Amino acid sequence: MLIYTIRRLLISIPTLLFIAFVIFMLLELAPGDPMAQMPLTIPPEVKEKMRLALGLGEPWYVRFPLWLKQFFIVEPQYWIDGTFGTNFADGAQRIISFQSRSPVFETIAQRMPQTLWVVGMSYVVGVLIALPIGIISAYRQYSVFDQAGTFVSMIGFSVPPFFSGVLLIVIFSVQLKWLPSIYDTTHVVGDWDSFVFQLRQMIMPVMVLALQTTAQVSRYMRASMLDNLGQDYVRTARAKGVSESSIVMKHVLRNSMIPVVTVIALGIPTIFGGAIITEQIFKVNGLGQLLIIALQGSDIPMVMTITFLLAVLIVMMNLIADVLYGILDPRIRYD
Amino acid sequence: MKLKTALLGAVATVSLAPAAFADAHEGERGRDGQLNIIYWQAPSILNPYLSGGTKDLESASLVIEPLGRYDSTGAMVPYLVDEIPTVANGGVSEDLTSITWKLTEGLLWSDGTPLTSADVVFTAEYCMDPEGGCAQLSKFEGVESVEAIDELTVKVTFGAPQPNPYGPFMGGQSPIIQAAQFAECMGAKAPECTDANFGPIGTGPFVVTDFRTNDVIQLVANENYRDPNKPAFATVTFKGGGDATAAGRSVLETGEFDYAWNLQLAPDVIASMAEAGVGTPVSAFGTLVERLEMNLTDPSPSLEEGVRSTAAAPHPFLSDEAVRRALSMAIDRDLLVEVGYGQAGRPTCNLVPGPEVYASTENTGCLVQDIEGAKALLEGAGWVDSNGDGIREKDGVELRILYQTSTNAVRQDFQALIKEWWGEIGVETELRNIDASVFFGGDPGSPDTFQRFYADVEMYANNFDGTDPQAYLSAYTCDKAPKPESQWQGENINRFCDPAYDALVAELGATADQAERSRIAIELNDMLTKDTMTIVPLVDRGRVSAHANTLGGVVLNTWDSELWNAADWYRIGDNR
Amino acid sequence: MTDTTMTATAVEKPRNKWWDVWAQFRTHKGAVAGLAFLVFITLFVTVGPVLWDVDPGKLNIRNKDVRPIYMVIFDGDAKVSWGNPMGTDNLGRDIMANIMAGGRVSLAVGWTAMILAVFIGTLIGVFAGYFKRLDGLLMRFTDLVLALPLLPLLLVMMLLFRDPLRATFGPENGIFILIVTGIGITSWMQTARIVRGDVMALKEREFVLAARSIGTPARRMITRHLLPNVMSPIMVSATLGLATAIITESALSFLGLGFPSDFPTWGKILFDSVDRMTAFPERVIWPGLAISLTVLAVNYIGDGLRDALDPRIRGH
């Protein structure tokens, strides 16, 4: 398993470089212009000069290696300098956003707290609710609990957040005036009161997002549990007098986890990709909002950096999932 | 009497008005606490020279100021100077080749250092640096030199007589930045100065304490602001992001914010939000006109690249003026306003709807919908439906139109309505909407940009900065047509080409007399609109913003930044 | 519940397998209700427009903002009309005709994109899980597609294929193909990873080893032994995929990449009505309900099918 992991890690390097290249070429091909959001009153010749100042005059085979150099050499240098007070970077050009003309990594770091508070939290909450729902729904198939769970999760999944989010705002912010409709990203949690405020401002986006996660994970959990509950080994275990809880929680659950692990592993990178629509509705302004604004503004350095970081996460999470398969079911071998 | 001087004479009286207005709310600086502003487009940077975006420009206007601004009537108001230089007061030379600004004495930057003419000169050098990619370069067009005469006097010299010498340092597009702060940020180094770009030192009423790009700005009152009793607010939170609906809701329904910018929403949506009684929508008109642009060249995909949509291939039916006129006649502009803009729109037939001196008052022929007239006109021009399929044709050419615009709820409603009316006069329409970042982008590789115009008709809105339409009208000369050789760059979207028009534009550039300028501008406007129907204006679009009922002093201004008088804003109903 | 099905089928004579499947399916109340609803909604959007002969794009601005007919019960003064039983929108278009026309597009997009995604996902998943040599390559390809940003990808597809497709299939069918393909090829990855994980585990089970030891060829191995055993996660992917496809389509038109604006879909009707949700709740309720109930129906049918296809439950 260790050898397999190391081999996979080594393979990920060329894989990721290739992914970076494909993403870059995709952005290069996509029609879009960082000047599109400038007012039409700015004449075309001025816009052309601005494009040149952004470095867009260079061809792609100059800009792609430059990005690679900045990403893999310059940015780590700045990171080391920032941590240890050294001066490796020596004023080298960092990855600069087209829109804000500031280092991309500083903006990403700025967006982390609200992304983790809201999107991360909703994912954890969603998964924690989904697992027991899935298990109970399968064990008591077609009970009232199962029927209600199915109904709520399917309705929840099929109602898009641009509707459910606004509905929550209309009820809880406009009519009842209980919760704020706009997320304050500058809020610092220091004491109990500020923590309560934080809870109040994150509860609606967390609910909207957790509903989606819960629906998805609980459906896979339930389906996979059902498959396993009907297997011969369960009958055998029951015949041997193993306790029900031990059968369900130890044997069946473990064997049912493979699809669930896959889904959860695939979901983690999407946390950092952000929940674009939900963030937009509640003005959370996390990574999702950053990415969509960058996409709309054709801010290539920003889009490139965020999507590449996501790609790294995707590759790593899928590797972790593969390793977990082997642990959950030792019969799976990769060598 | 020259109209311009009359206009400027009015400035003195207007500029006194805000002061008188504020008297009733006098008090010490920062007495009213916190102000919350929301812009649904989040500011990316606070340096207008690096980004021309309205959101960036307006947020920066809380911090940095130009020498003078336009007020809500379009008149010029001095900010950092004692008076606006004119020919009458000797500030503008008789031959119109130079303008001399005199800074007010004793002005301080927010860091306590004095504002001098060196800062003004530096601002010009900063923007005119060839490697800087300055977004406001057109403001400095024709400038030969900017020199400091003394500590407080700056002289701008133009290469040729400049009928409108108020490009540099006038209006929200060209505020003064501090030389000391930006000295290391010239040219190619401009983007490296993140701290300066995110927190410029200014002379405005507020100072940035925390800037989070595309998210939120925190500001506090400027301790060195020139009026000791202003601003009334001690702190400002400027939140960005979301959408216009959410911004409107936060001011009009929940009251979480005090001011929301540019609520581009259907009038019935705004009206139902305003019923909550927490805030008030306000509107004002500028020069923004939603219009249909007719393609005078053939966009047919069967033509080879290089010929398609260029002057080499005239449009099969839109080159016939009768067709263009009939298409305009079929449109009910009143209904469009009612559906899309409400109080923030009025029907227009003009490309230049304001300011008053430039507006063509006689051009009102298009305001009444005339379906029967349109049919008769087509009939008369030989466009008849001979095969009974409901679509008119002539010489085998059918009136089928591809009508494109950017993605936006109101524009899609307009498309649906106009398609319906055109259907009634026997013209079939295919609709297409394109993401704004592609449509308004200049990517020469994309077929969907508005400049490339691979469609028969397209709809968007455009306006001009400040109050002078010269640059705006000059965009329709023959040489400005987008074509493959110029990478499809150019502002003459219709590929309109008339030597008489070009000659008149040249004449406008050489005329200083205001009455004469008005006459020429109106003639140019009429040539494009009612005479040829090359451009079919639909709606003169105002701006709708909203403020909380407790926020006083708001004067909505479409000629400059909306936050132009934020220093005068105050809280109503405070016990103080 | 396993017991009841056993007794229900045990008395029957041995007969065609598919008949058994249907008999089992019928015992699942949810599945039958789901199937009934699906048939109803399909008829509603296909046959409906024949009976309710109103052009969904027809504007009647003098007749805008008509409330649905049932509003009379709550408010006698409500503006209602039998000519527009579900009311009209802000431009006076008939909502019922729009829901019908929109449903046709939404259902077509949903089903086609979902089937495409599930097909690609299952194919790649099974191959990667079963053939060790293909695993690395196929899974790295999956990683690549997962990492691609959707928006620029669709923009590039638009740029490259819109005009040729428009020329070949006409503006509406061209954009339909483009959207369905766009959604389909960007949503198969989850199915592929899940199927692969399950196949890898199944491959080591005793029954597969037994089948392999008697020389079962790979093709039969996959179709007879592996696929039936990964049916339930595929079924879940399919139901979730249907909902995702319908909603993604509306997100696309919001971004200007979807159907032209005079082409209603459920998602788009819902999206356009959110701003007027408080004044005209019916405009969000009907399309919202249509999407939710369709997804719910498909989910129940999926449940019923899964039970019916499982020989252990069917009692053979």
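Let's start inside. The second largest cavity holds about 170 Å³ of space. Sixteen residues line that cavity, and the closest to its centre are Pro34(A), Met38(A), Phe98(A), Gln99(A) and Ser51(B). The lining of the second largest cavity divides into seven nonpolar, six polar and three charged residues.

A word of caution before I go on. This is a predicted model. Please keep that in mind for every value I quote.

Next, the wider count. How many cavities of 30 Å³ or more does the structure hold? The count is 10. In the largest cavity lies about 270 Å³ of space. Its lining takes in 23 residues. Closest to the centre of the largest cavity are Arg432(B), Asn433(B), Met158(C), Arg162(C) and Ile175(C).

Which elements supply at least two residues each of that lining? From chain B, strand S16, residues 428-434. From chain C, helix H8, residues 150-185. H8(C) gives the largest share of the lining, eight residues. By class, the lining of the largest cavity has 12 nonpolar residues, five polar and six charged.

That helix brings us to chain C. Have a look at the chain as a whole. Chain C has 15 helices and zero strands. Its C-alpha trace spans about 75 × 55 × 35 Å along the principal axes. There are 316 residues in chain C, and buried ones make up 57% of them.

Now contacts within the chain. Take those in chain C with a separation of 6 or more. Of these, 71% are between residues 24 or more positions apart.

And the surface. Chain C exposes about 13700 Å². Carbon and sulfur atoms supply 67% of that area.

Last topic: domains. How is chain C divided by the domain assignment? Domain 1 comes in two segments, 17-55 and 96-315. Domain 2 is residues 59-92. Between the centres of domain 1 and domain 2 of chain C, taken over C-alpha atoms, the separation is 35 Å. The two domains of chain C are in contact, with nine residues from domain 1 and 12 residues from domain 2.

To put the pieces on one slide: the largest cavity has H8(C) as the largest contributor to its lining, and S16 of chain B also supplies at least two residues. The second largest cavity has residues of chains A and B closest to its centre, Ser51(B) among them. Chain C, for its part, has 15 helices and an assignment that gives domain 1 and domain 2.

That's the tour. Over to you.

Definitions and conventions: Residues numbered from 1 in each chain as written. Chains lettered and ligands numbered in written order. Predicted model: local features only at pLDDT ≥ 70, side-chain atom pairs only at ≥ 80, totals over all residues. Heavy atoms only, no water. 1 Å grid on protein atoms, 1.4 Å probe; cavity = no way out; pocket = protein on both sides within 12 Å on 5 of 7 lines; lining within 4 Å. Points joined across faces, edges and corners; volume = space filled by probe spheres on them. Helix = DSSP H or I, 4+ residues; strand = E, 2+ residues; numbered from the N terminus. Nonpolar A, V, L, I, M, F, W, Y, C, P; charged D, E, K, R; others polar. Buried < 20%, exposed > 50% of the residue type's maximum accessible area, 1.4 Å probe, protein only. Contact = heavy atoms within 4.5 Å. Areas by Shrake-Rupley, 256 points an atom, 1.4 Å probe, with all protein chains shown as cover. Domains from an automatic or database assignment.
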